[in-house]
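Here are a few notes to read with the model open beside you. Take them one at a time and find each spot as you go.

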Amino acid sequence: MKKSILFAAMAFACMASSAATTPQSKLTVNDRKINKIISQMTLEEKVLMLHSKTNMSSEGVPRLGIPAIEYSDGPFGIREECGDGFRPLGWTTDSSTYFPTGSALAATWSEEMAYNYGKGMGTEGRIRGKDIILGPAINIQRLPVCGRTYEYLSEDPILAAALAVAYTKGSQDVGTAVCIKHFALNNQETNRGSVNSVCDERTMREIYLKPFEDAIIKGGAMAVMPAYNKVNGFYCTENNHLQNEIMRGEWGFKGLTVSDWGATHSTVGAAMGGLDVQMTGSNYFGQALIDSVRAGVVPESVVDDKVRDILRVRFAIEPVPADKANPEKTSLPAQQKIAYEVATKSVVLLKNQTKLLPISKNVKKIAVIGQNATDFTARGGVGSGVKAPYEITPLMGIEKVAKEMGVKVTYAKGFNIPSGRGGQVSRSINTDLMIEAIQVAKDADLVIFVCGTSKTIETEGSDRPDIFLPQGQEEVLAAVSAVNPNVVSVIISGGPCDLQKLEKLSPSIVQGWWNGMEGGNALAEILFGKIAPSGKLPFTFPIKLEDSPAYAMGNFPQKARTEGDLFTDMYRLDLGGRADRRALRAPDAEYAETLLVVYRWFETKEKPVMYAFGHGLSYVDFKYDAISAKKSKDVIKVTFNLTNSGNMQADEVAQLYVHYVDGKVERPYKELKAFKRVALEAGQTQQVTLEIPVVDLRYWNESTNAWDIEKGQIELQLGSASDDIRLKTTLNI
């Protein structure tokens, strides 16, 4: 009888799904069944579902045969099994595919790749018996130093939203729900457990909420994670405006919300503010909630609503019995192929001044210099890591292809980045390692200098103090280039670095990312010209950190600083955590740059950058011509011809920006509104159409507290990067 209730509901879901009219309404097809179940439950049973069962699960309804919900850390690989304090359990069956991290996925500018990525994650989630992936992480990259830039998708809401929708659909199409995070305005790790993000309504809606809105409305995301921070004075877990008025009211969200670990701060506030599940513990959504209901402070109907949200997701996602989970090796060739394909499309060629790339057939000796050539990046730092069955480092990939080409490779470490939490990262030089690097470089036809950061430097729970290359990397490069000027620099990092010195010393520069278990293979095949580079920057590389808007306006870093981090102090017992920092106070983070987030700031203020948003070169040239535009009621279509003028197959990402001509509403100079990755054979010309939904031209009118569209003339700017516009045309709205 217990199982019959669950499986009858699931069968009903399959039959009724065809009647669903929106991605969210698919979650409501079982509401009659769910309401019947709720009517049979005691208050204690209901509340048991509203807090953690284990470190990574929340309870079902055992008496009625409804299983618990199993969560998995994401967003770039299914995390290994952990016990209390996130200490690994030491299983041998819980390895999984290490996909490129968020910023690498974003650099593909490919909805197809994002869908496949989500599909790969969801497939492995099913194998491991997981119902919900805690990802994708879709916050806007506001600060170059943000410790989680590597997880996030972009500084632009249109790009981030498109990829978030595709990732969401990919995972949920194969049966694993996503939990989009961190809702909302979680744009810094410094004081993230208590900082108050102060942002005007227009900026919040147009920039920071857009990826969440689309992932829910277009992608049908089934779960949302409210963030640690406050927004305009209220913690996200009890923010009525964000969770109830906007997300559930305006967007029609029908799924469940689960707090970030330790992000719940009250019983009544969180209960009435829209939170469904407290992670972890039961101090707020346990006996205290039962007492609040019985005292008449929280209506039991509110508890019923939370149970309904949870059961909607439970019935939408088929449970995997514990004895059926982990039946086979998780990381399979199909998912490994996805990781490889994403990596090949993410690598960004920043500079190729003297055409050192692709590597010439005349090159017979290559010196690979730099610790980042041999570092593994699947694990490390505070953020979620992946127990990958293998990882191809840059050096491994280069050696493999070089052997095929008959090229000799020598290696020197060059510098030493400390590993482990609390490792002292500095700009000091290891003289012995530098001397070794010089000797190796002297005897080579080409130097590949593999530099960057590490998971110690870019990590959840803290922001970088700066974006300089650490441990004397610039000095090592200067010494190496003095004896061999043929230097290709490859940056392995999650976020932007200060490249002022690198730019002067390296004729060719490549951004290689933390590119997953196949990253070394992808990088090598691009360096040797087997594949043309096609990645585009999903965020701006400023000339120096102080040029970026939050720094230029004095809004980051805030003067007050709380020592430690709420999550690591409370939960990461494997890292020495033991304190509860919920009561600590932190300052306001003023979003005073408003709509001028990163590239919008530089474009509007006419400030130069090192490498612009959307920038990325290839081994071929692309020609744009014959632009035309027309508008229907709901969409603007821009058509043009794109030609590959080179001698090899290559992909181009065409980008369409909108500039308002004599607009009366204050805006950035231009904003991305559409993009498309196009694959072209050598010499091929293809007619391409980009579409801008008219709703994406809306602005939030704060005087009417509603969306509005300004009529007038817009200039459509089409190009290869935000600072590389090839064609323009105008249109009246």
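1. Start with Glu652, which is buried, with a relative accessible area of 3% (buried means under 20% relative accessible area with a 1.4 Å probe, protein chains only). Glu652 belongs to strand 20, residues 650-661 (strands are DSSP runs of E, at least two residues, numbered from the N terminus).

2. A quick word on the source: this is a predicted model, where local features need pLDDT of at least 70 and side-chain atom pairs count only at pLDDT 80 or more, while totals for chains, interfaces and linings use all residues. Residues are numbered from 1 along each chain as its sequence is written, and side-chain values use heavy atoms, with hydrogens and water left out.

3. What does the side chain of Glu652 make a polar contact with? One partner is the side chain of Tyr624, at 2.7 Å, and another is the side chain of Ser720, at 2.9 Å. (A polar contact is a pair of N or O atoms within 3.5 Å; within protein, one must be able to donate a hydrogen and the other to accept it, and residues adjacent in sequence count only if both atoms are side-chain atoms.)

4. Now look at strand 19, residues 635-644: 8 of its 10 residues are buried, so the rest of the structure largely encloses it. Strand 18 (residues 622-631) runs antiparallel to strand 19, with 8 bridges joining them, and a hairpin of 3 residues links the two. Here Asp625 has Asn641 as its bridge partner.

5. Strand 19 also pairs with strand 22 (residues 685-693), antiparallel, over 9 bridges (pairing needs at least two DSSP bridges). Thr639 sits opposite Thr689 there.

Terms used: Helices (H or I, at least four residues) and strands (E, at least two) are DSSP runs, numbered from the N terminus. Buried means under 20% relative accessible area, exposed over 50%, partly exposed in between (1.4 Å probe, protein chains only).
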